[in-house]
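Colleague: I've got a model open and I'd like to learn how to read its helices. Can you walk me through it?

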Amino acid sequence: MSNAGINGMRSAGGDLIDVARGLDDAEWETPSAAAGWSVRDVISHVGCLLELLQAAVRGEQPPDSGIEAINDAMVNRSEEHTSELQSH
């Protein structure tokens, strides 16, 4: 990855932290534009992805950030929703 790409990831991470620091308790639980996801869910997801990408760029073993469990839960929710739609 280029230096510009790495700098972009750092900038995105900084922006994410800035937004997160400005949220109150109610805002963390507000529904996001991603159906079924709260603001907390989205920030956690993006933060985990940035952490994994940064480790990969550095050639390090990715941290166990829990992203797989989050992704599994989202797939299960999607499958349940799809099953509900198909049953109607």
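**Reading a helix and its buried side**

Modeller: Start with contacts, meaning heavy atoms within 4.5 Å. In the chain, 36% of the contacts with a separation of 6 or more link residues 24 or more positions apart. Keep in mind that this is a predicted model, where local features need pLDDT of at least 70, side-chain atom pairs count only at pLDDT 80 or more, and totals for chains, interfaces and linings use all residues. Residues are numbered from 1 along each chain as its sequence is written, and side-chain values use heavy atoms, leaving out hydrogens and water.

Colleague: What does the secondary structure of the chain come to?

Modeller: Helices (H or I, at least four residues) and strands (E, at least two) are DSSP runs, numbered from the N terminus. Here you get 4 helices and 0 strands.

Colleague: How many residues does helix H1 have, and how far does it reach?

Modeller: The expected span is 1.5 Å times one less than the number of residues. H1 (residues 3-21) has 19 residues and reaches 27 Å from first C-alpha to last, close to the 27 Å expected.

Colleague: Which residues of H1 are buried?

Modeller: Buried means under 20% relative accessible area, exposed over 50%, partly exposed in between (1.4 Å probe, protein chains only). In H1, the buried ones are Ile 6, Met 9, Gly 13, Leu 16 and Ala 20. They cover an arc of only 85° around the axis (taken from the directions from the helix axis to the C-beta atoms), so they sit on the same side of H1.

Colleague: And what covers them?

Modeller: The cover includes helix H2 (25-28) and helix H3 (39-58). The face of H1 turned away carries the exposed Asn 3, Ala 4, Asp 18 and Arg 21.
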